[in-house]
Structures are given as C-alpha cells and as structure tokens.
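These are my notebook entries on a structure that I looked up piece by piece. I began with the surroundings of a ligand and then turned to other local features.

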Amino acid sequence: MGPDAIINEVKNSNLRGRGGAGFSTGMKWSFVPKQSAKPKYVLCNGDESEPGTCKDRLIFEHDPHSVIEGVMIAAIAVGSNTGYIYIRGEYRYLSVIMQKAIADAYAKGFLGKNIFGSGVDFDVYWHGGAGAYEVGEESALMESLEGKRGVPRIRPPFPAVVGLWGGPTVINNAETLASVPHILLMGGQKYAEIGTPKNGGTRLFCLSGNVEKPGVYELPMGYNLKKMIYDVAGGISKGRNLKAVVPGGSSVPVLLPNEIDVAADFDSMMKAGTMLGSGGVIAIDDHTCMVKFALRTIKFYQHESCGWCIPCREGTDWLKKTLTRFHAGGGIKKDIDNMYYLAENMLGRTFCPLGDAAAMPVMGFVKKFREEFEAHLEGRPCPYEDHGADGEIPVLAQLPVLTR
Ligand SMILES: Cc1cc2nc3c(=O)[nH]c(=O)nc-3n(C[C@H](O)[C@H](O)[C@H](O)COP(=O)(O)O)c2cc1C
Ligand code: SF4
C-alpha cells in the first residue's frame, strides 16, 4: 500500500488518539507535508504518566512488535526514515524488552537499509525519559528527545510541520500506533464498526481504584461505563458503595454514580461533562475522603508542573497548600469558593494543558462534593479517619490562608 492508501484506511477506521485528546490519527498523518527539505520523524509517545493509566506498558511488555509495526506503517504513510520510541523514565525495565524487539526486527530485515529490496530505509531507536509527566506533552517530549529541558514549545507551528529537530513530525501514543497494524489487516471500515460513530475500534481501559478486579481490559469504544465497573471489574470491593468515578485519568472531571450510565467514547464523555482522556477509569468508594482525594491529585500536578508559566506553577502550589491546610482541619468557608475560583482562573490560561489537567479535577471535586468540603470546616477532623488523618495534621492546619 502507498502512503495515500494507508492514510485513507486509517481515516476510515475512525481511530482517534489514545494519548488523551482523541484527535483523528489519519487526519494528523495527512497534515505532514509530502515534500520537506528536513528529515521527517515518527515518534511513539510511551511516556504514560497520567495517574490511573497503565496500558502502554502492557503493550511494550507483551506485544512490543505491534508498536514497532505501527511506527513503521506511520513512517511509510508520511515518508519518514527515522522513528523514536520514547518510554517513560520509570519504565526502565521495559528498555530490555524494547531493545531486544528492535534488534530482532533488524535481524529479520524489517528495519535498516533497503528493507527487503524495497529501496526504503527505516531506523527505529528506543529512548528512555528521565521521569517527568510533562514530557508526555508532545512538544516537551521533542525538547527532551533533543537533549534539552522538557518544557513545551509554543504552537503554531504544529509538530506535523515543525517538530523534532525542526523536521515534520508525527507523534502518536503507543496504543494508537499499536492499533494501526490491526486496522490495515482487517480494513478501516471493519475496525470502525467495532466502536461507536466517529470512535472506531477497541480501547484499553485501565480499571483501578476500589473495584473487585482491577486491570487493563480491551473493550469496544463506547462500552458502557457502568457495565465496565460492575460487570467487567466485578463491582465495588469490600461490599461498599460507589461514590464517584474519575473516567479518563486523574486530570478529568469526576462523575457521580448517577452519571456513569454512559458510553465510554470521546464524544459521549464530553456530553457527560467529562473526558475519556487516557482511558484510566478510577472507581472511588464511599469510604474515601474526596478532600483527601483532591489533595492527592493536586499534589501530583504541583510536583509535575514544569514551572514554565505562572498560572500553573503558582496555581498548583496554592491549591496544594490550601487543600493541605483544609484537609488538616484548618479550612475556612471562603477557601471552598477560592479554590474553585483559582482553578477556574488557571483553565485555558497556561502554556500547555497541564494547567487545565490540574484545574479541571479540582473544580469537579468542589462542585460535586461541596458538602464534604464543608464537613471539614471549623477544625472538624476528617470524617474518613482511616483514609484521612496523617501525623502531620496539627502543623499543616496552621498553613496561611489564601486570600484573593
Ligand atoms: C501534560 C501532558 C502529558 C501528556 N502525557 C502523555 C503521555 O504520557 N502519553 C501520550 O501518549 N500522550 C500524552 N499527552 C498527549 C500528547 O501531548 C499528544 O497529544 C499525544 O501523544 C498524541 O498522540 P495521540 O494522537 O495518538 O493521542 C500529554 C499531554 C499533556 C498536556
Ligand atoms: S502549564 Fe504547567 S507544565 Fe505546562 S508549561 Fe505551564 S508550568 Fe509547565
């Protein structure tokens, strides 16, 4: 198949990026200019750092060649001779598997010069990150790959036109790329039919939290979220009740139990007021303190903020400090609105979407669990002591109050 035929097949498949944003893969590939003075690149994003997400690592571990094949097919589609597979720093153990898989592909003649006499040259390199959530963001990943500090680039220009080392670049999530060989084998139309309209194929859902059978499950796109939790993951563990679901990795707005009878595809989730994101479904039981959950979430984003822009660097820090004091019993009523207001003001005002990723969950928790926040006011101890209290509480409660 030539480049146009491949791109058409991938477009027909309705494959949408599994990294989080859900952009059409075929469309993305078609944006890469046919002629380029600079070399073109294909990047596989295996940085997988969104809390609740653990699918790419299973692909690398159990089916590394599907990723290599996906990278090769993308390369033929856009006319590239070099691919990089960038893997999260903490997944160092996977390097052995990936390096062997790449070496095997070279040994069999699938990679290298003049592949099977076709006149096509293609090299693939594995590259390990240094352990930063932010380098999962596509432009920060390119900075990191070029050996620089992993901070994002301003856009436009977009990577399809100016990417790695200034060359046109396709960057896709590992699961997205691993889906491509199957699409070419079964045909785009057939693949599209597995899912829902405009949401083709299957998806790896990472079911975690308080469920009986946590794990990574391959299900059709648009599988019902409630069924996923109760039928696939065996329901809520320890005979408890469901309190909330974070449906797409920790950065998306939370859903209440009466909101989860919904198709898990990009468009239906958007209509439900949240996002499908990275496919990390976290079920939260009724013994969990939502203030503590909000605090743990913001601690992650504060720690991972690259510090490049002020709303994210300062905003995540203020939210962390306020939530720490609040959960420790030092909260005042005004904090609740202030936290929402602060998060709302980060939204859309940061250099890259990490700021949104930090703001959206906090807004969701405050909006949907205000009563739980109120239950922590006036020095009252966390009502969920077994999940809540830690030894530092008296000191943390004295942190200064954030005022507007
Ligand atoms: C802070 C941040 C972290 C991200 N982390 C990842 C990641 O670990 N893996 C990933 O595939 N995409 C991640 N993304 C999304 C990428 O920027 C990009 O959209 C994606 O790799 C495109 O591939 P896809 O179209 O196949 O989804 C992240 C985005 C942001 C803003
Ligand atoms: S939003 Fe956060 S992670 Fe993104 S550039 Fe700004 S400081 Fe860095």
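Entry 1, the shell around ligand 1. I looked up which element gives the largest share of this shell, and I found strand E4 (residues 169–173), with 3 residues. I note here that the model is predicted. I counted 19 residues around ligand 1, of which Gly19, Lys28, Asn45, Asn173 and Thr176 come nearest.

Which atoms of the protein lie within 3.5 Å of an N or O atom of the ligand? I recorded an N or O atom in the side chain of threonine 176, which is 2.7 Å from an oxygen atom of ligand 1. For asparagine 45, I noted a polar side-chain atom 2.9 Å from an oxygen atom of the ligand. Glycine 136 takes part through its backbone: one of its backbone N or O atoms lies 3.3 Å from a nitrogen atom of ligand 1. I then looked up the cover: on its own, ligand 1 has 610 Å² of accessible area, and the protein covers 89% of this.

I asked where ligand 2 sits, and the place is the largest cavity. There are 13 residues around ligand 2, and I listed Cys306, Trp308, Cys309, Cys312 and Cys352 as those that come nearest. The shell of ligand 2 divides into 8 nonpolar, 4 polar and 1 charged residues.

I counted 12 aromatic pairs. One of them joins tyrosine 84 and tryptophan 165; I noted 5.9 Å centre to centre and 55° between the planes, and the pair is tilted. Why does this pair tie together parts that are 81 residues apart in sequence? Tyrosine 84 belongs to strand E2 (residues 82–87), whereas tryptophan 165 lies in the loop between helix H6 (138–145) and E4, so the pair links these parts.

Most residues other than glycine have a negative phi, and most peptide bonds are trans. I therefore looked for departures from this pattern. The peptide bond from arginine 155 to proline 156 is cis, with omega near -5°. The next entry I made is the bond from proline 156 to proline 157, also cis, with omega near 5°. Asparagine 14 is in the loop between helix H1 (3–12) and helix H2 (25–30).

Conventions
Residues numbered from 1 in each chain as written. Chains lettered and ligands numbered in written order. Predicted model: local features only at pLDDT ≥ 70, side-chain atom pairs only at ≥ 80, totals over all residues. Heavy atoms only, no water. Near = heavy atom within 4 Å. 1 Å grid on protein atoms, 1.4 Å probe; cavity = no way out; pocket = protein on both sides within 12 Å on 5 of 7 lines; lining within 4 Å. Sits in = over half its atoms within 2 Å of the grid points. Nonpolar A, V, L, I, M, F, W, Y, C, P; charged D, E, K, R; others polar. Polar contact = N/O pair within 3.5 Å; in protein donor to acceptor, adjacent residues only side chain to side chain. Areas by Shrake-Rupley, 256 points an atom, 1.4 Å probe, with all protein chains shown as cover. Helix = DSSP H or I, 4+ residues; strand = E, 2+ residues; numbered from the N terminus. Phe/Tyr/Trp six-rings, centres within 6.5 Å; stacked < 30°, edge-to-face > 60°.
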